[in-house]
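I opened a new notebook page for a structure I had not looked at before. Here is what I looked up, entry by entry.

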Amino acid sequence: MSGEERNRAHRHIAFLGTGLMGAPMARRLLHAGFSVAVWNRDIRKAEALAVDGAVVAGTAVAAVEGASVVFTMLSDGNAVGDVLFSQGVAEALASGAVVIDCSSITPEAARDHAARLAQRGVRHIDAPVSGGVVGASAGTLAVMAGGDATLIDQLADVFAPLGRVTHVGPSGCGQLAKLGNQQIVAITIGAVAEAMMLVEAGGGSPAAFRAAIRGGFAESRILDIHGQRMVDRNFGGAGPSRLQLKDLNNIVAEAASLSLQLPLTEAVRAEFAAFVEREGGGETDHSGLLLHLEAKNGRVKRAGQI
């Protein structure tokens, strides 16, 4: 057994939150040889990982028993705070343990969690991710880490199965980087959707338009993946628009606290708010913003219609 394999065998990991993103991330850790205990509010989502070798726990506290590393991948800052401090996870962790929070929450909440855990001798890294379910399954996530750089380096073997980790600054900076990522994603989705509409309204083919600009300056993962969803009119729920709106709300609030004006972000936020809050698009993939923009222009189309 190599030194790296021995290191993995001795690390006990708990993964709290095995939903859309958490499940494939936990599976990557299991397949890399780590011992992983899993917990989820809906126990069925945790039980699905038993076939991969996970130990399924009935409570979050039970999952973290004996864990040296705890991942959290939960819906928002309130959920993370509830699990860590109201459900007793922080009290159950031994001094020296590390909490790696991959949830998308506010930088302020991340800093607060880090400070409260530090009082108990527990270390904290805010490490939100980008890359979606595809990246989580393939182990190609972009991990934006805030916290102690040395600690992050020491956990390189833990991050390796998940993707590429980059230390971006002290506590809260991982969340700031994720907010910046989500700004770019949301604005680019809006730009691609509007361009598709412009070309089609003038008689062009959205599919041909997307193909024509591939490889040019407008090339992006958004054009590749979300642009194809728009062409196929297959929006699904891979990246729910309600979560995109949550991130945009956090971005606007953070900008206000820093005395910044972000007019492009604010404009896209308003369109997502209308789509989610007035039109019931919360569970639709964020590429479905196209549906809202089409309706706004009186160009409503049926599913599957190009």
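**Ground rules.** I call a residue buried under 20% relative accessible area, exposed over 50%, and partly exposed in between (1.4 Å probe, protein chains only). The model is predicted, and I kept to its limits: local features need pLDDT of at least 70, side-chain atom pairs count only at pLDDT 80 or more, and totals for chains, interfaces and linings use all residues. Residues are numbered from 1 along each chain as its sequence is written, and side-chain values use heavy atoms, with hydrogens and water left out. Helices (H or I, at least four residues) and strands (E, at least two) are DSSP runs, numbered from the N terminus.

**Entry: Thr-265.** I began with Thr-265, which sits in helix 15 (residues 263-278). Is Thr-265 buried or exposed? Its relative accessibility is 3%, so I noted it as buried. For contacts I use heavy atoms within 4.5 Å. Not counting residues up to four places away in sequence, Thr-265 touches Gln-183, Ile-187, Leu-248, Ile-251 and Val-252.

**Entry: the second largest pocket.** Next I looked up a pocket. On a 1 Å grid over the protein atoms alone, a pocket is an open set of points where a 1.4 Å probe fits, with protein on both sides within 12 Å along at least five of seven lines; lining residues have an atom within 4 Å of a point. The second largest pocket has a volume of about 150 Å³. That volume is the space filled by probe spheres set on the points, and grid points are joined across faces, edges and corners. Which residues line the second largest pocket? I listed Ile-187, Gly-190, Ala-191, Glu-194, Leu-264, Ala-267, Val-268, Glu-271, Leu-289 and Leu-293. The elements that give two or more residues to this lining are helix 11, helix 15 and helix 16 (289-296).

**Entry: Val-199.** I stayed with helix 11 (residues 173-201), where Val-199 is found. Val-199 has a relative accessible area of 23%, so I put it down as partly exposed. Leaving out residues up to four places away in sequence, Val-199 touches Gly-204, Ser-205 and Phe-209. From Val-199 to Phe-209 I count ten residues in sequence and 7.3 Å in space, C-alpha to C-alpha.

**Entry: strand 1.** Then I turned to strand 1 (residues 12-16), where five of the five residues are buried, so the strand is largely enclosed by the rest of the structure. Which way do its residues point? His-12, Ala-14 and Leu-16 point one way, and Ile-13 and Phe-15 the other way.

Two strands pair if DSSP finds at least two bridges between them. Strand 1 pairs in the parallel sense with strand 2 (residues 35-39) over five bridges, and four bridges join strand 1 to strand 4 (residues 69-72), again running parallel. Leu-16 has the bridge partner Trp-39 in strand 2 and the bridge partner Thr-72 in strand 4.

I also noted that strand 1, helix 2 (residues 22-31) and strand 2 make a right-handed β-α-β unit. Right-handed here means that, with the strands pointing away from the viewer, the path from the first strand over the helix to the second runs clockwise.

**Entry: His-12.** Still in strand 1, I checked His-12. Its side chain makes a polar contact with the side chain of Ser-35 at 3.3 Å. A polar contact is a pair of N or O atoms within 3.5 Å; within protein, one must be able to donate a hydrogen and the other to accept it, and residues adjacent in sequence count only if both atoms are side-chain atoms. Beyond neighbours within four places in sequence, the contacts of His-12 include Ala-37, Glu-65 and Val-69.

**Entry: strand 8.** Strand 8 (residues 141-146) has five of its six residues buried, so I noted it as largely enclosed by the rest of the structure. Strand 7 (residues 129-130) joins strand 8 through two bridges and runs antiparallel to it, with Val-129 opposite Val-143. Strand 9 (residues 163-169) joins strand 8 through six bridges, in parallel, and there Val-165 is the bridge partner of Val-143.

**Entry: two loop residues.** Arg-233 has a positive phi of about 50° although it is not a glycine. Arg-233 lies in the loop between helix 13 (221-232) and helix 14 (241-257), and is buried at 7% relative accessibility. Ser-259, also not a glycine, has a positive phi of about 60°. Ser-259 lies in the loop between helix 14 and helix 15 and is exposed, with a relative accessible area of 68%.
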